[in-house]
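Take a look at the model below.

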Amino acid sequence: LLNLASNKTAAAAIAATYGATEALAGLVLTGKTKETKEDAAHVLSLMVSHSKDVALAVINTEQALHALRSAARSTNCTGETRLWCVSALHAISRCSRARLTILRAKVLDDVFLPLLSADDLGEWAEAIQALATMAIANLTGWDDTCVLSEFKPHVFGLVHIMATAITQRDHGGIRFRNAHVLQALWSLVPNDEFKAELVGAKLLELSIDMVALAHTEGKRGINLQMLLEIIYHLCFAISGANRFRELGGISMLEAHSKGPDPVIRKLARGAMWQLGTRETLPDPEADATPHLYLSFAEDDRARATVVAAALTKEGYALVLSGERRRDGKKQTHLVGMARGMQTASAVVVCISTHFSASALCRTEAEYAEEIEAHVVPLLLDDCAPAKHLSKIASTLDCIDASDPGSLDLAIMELANELGDRGKGPSGAPPSTPTHGEPPASEASTPSATKGGMSPDTPAIFAASGASPLPTVAMS
């Protein structure tokens, strides 16, 4: 089984075999020898590392979740058994659809946190604590209440681990995959709690080197997107912006802002905007038609489309976040944002976990504050607005639209707050909302565009409850 689990197809076959996962879980806990327990845990770790479908199958098996959780925190298990169990849980944490199951099982509080302060992990201590840190980052790194704020040395140590992963060196006895460490850091950089220290740990220097390496090797994929978004987020910190200028990174952004990948272009231009290099905007008087600007994260497009349709029915004209075409001409997403906000009667900000973790959404929120727009915050899920949104939205100010079944009531409250802002002189409903063409996904991984929906899609979608963080391919 250990040999078979090293093969992706065979690992999927093991997971699909009736009783196999349960049998492995039983061996982790009750194997007659320590080698049996270690090998069984290793098999589960290899299986879940291959694909998100296998990870979901394992984590949804009650015996497997119990075995991994129990052995990872048990001092009666060998260090290697605990290592492979933590490795399996870390791999599962990278799958967005499995994260809620992990959190409900209290793996974060009962397993990962105690491991970060444990002193009985033996020779595998460094590797186990690094995996636990990465798993916590994947689960809650972007959240203002992330518990890693109490374990900052472990967080900053991830920069060193990523450097060792690039050079294919071991850390703590195992070799980490670059993409796995990169995802954990990408999950952490939206959180202002860690920005300054990550800049001090030379994450910007390492990111610039990795961008150059990816560009040279022609690898303009997921890793490059995550790297550019890491740079983008760090530039929101004064220390990050200053250091990036000192490193001469703007020329690198300029090159990528003209590249073939729309997501890369979008992130590069966003970072340049944050650094003060802004595009020339047309005369705002040309866009004087009364309208609302609807700001939302790309992952929330389905819910935002429903809100847009309801507001249109109430007689409001709309310009949507990410609109790329205006007056028959294409424009960048930032020009569209500036034009839409500058002349908007009000800006409706659709706040969610996705919105709080997005660098592009943060740029929109800060620009609304900069031009002193009239902002009306709307909550799309049950998360509180991030601290960096406090100047435009507090929890008390937000209109709750998190329950799809009560959306009509939320729209009534929103319309009452807006009044006639965004309506024409007569208040008559426009024939259609002013939707632009759907933008390229702003996220950094394949899961970012949930269905590639157009703003004109008529279907009504319920909240998915998905994590804002993507699932990186587990090859």
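In this predicted model, Asp192, Lys195, Arg362 and Glu366 are joined in a network of salt bridges. One link in that network can be examined up close. Arg362 forms a salt bridge with Glu366, and their closest N and O atoms are 3.3 Å apart. Both residues belong to helix H22, which covers residues 359-370. They sit four residues apart, about one turn of the helix. Are the two partners buried or exposed? Arg362 has a relative accessible area of 7%, so it counts as buried. Glu366 has 27%, so it is partly exposed. The cut-off for buried is under 20%.

Side chains of opposite charge can pair when their charged atoms come close. How many salt bridges does a search of the whole structure find? The count is 13.

Next, go to Lys152. Its partner in a salt bridge is Glu193, with the closest N and O atoms 3.1 Å apart. This pair links distant parts of the chain. Lys152 lies in helix H11, residues 152-166. Glu193 lies in helix H13, residues 192-200. Lys152 is buried because its relative accessible area is 18%, under the 20% cut-off. Glu193, at 33%, counts as partly exposed.

Now compare a pair made by Arg97. The side chains of Arg97 and Asp53 meet in a salt bridge, at 3.6 Å from N to O. Which side of the exposure cut-off do they fall on? Arg97 is exposed, with a relative accessible area of 51%. Asp53 is exposed as well, at 52%. Exposed means over 50%.

What is Phe112 in contact with, leaving aside neighbours within four places in sequence? The list is Val86, Leu89, Val107, Ala132, Ala135, Ile136 and Leu139. Pick out Ala135 from that list. Phe112 and Ala135 are 23 residues apart along the chain, and their C-alpha atoms are separated by 7.8 Å.

Technical notes
Residues numbered from 1 in each chain as written. Predicted model: local features only at pLDDT ≥ 70, side-chain atom pairs only at ≥ 80, totals over all residues. Heavy atoms only, no water. Contact = heavy atoms within 4.5 Å. Salt bridge = Lys/Arg side-chain N within 4 Å of Asp/Glu carboxyl O. Buried < 20%, exposed > 50% of the residue type's maximum accessible area, 1.4 Å probe, protein only. Helix = DSSP H or I, 4+ residues; strand = E, 2+ residues; numbered from the N terminus.
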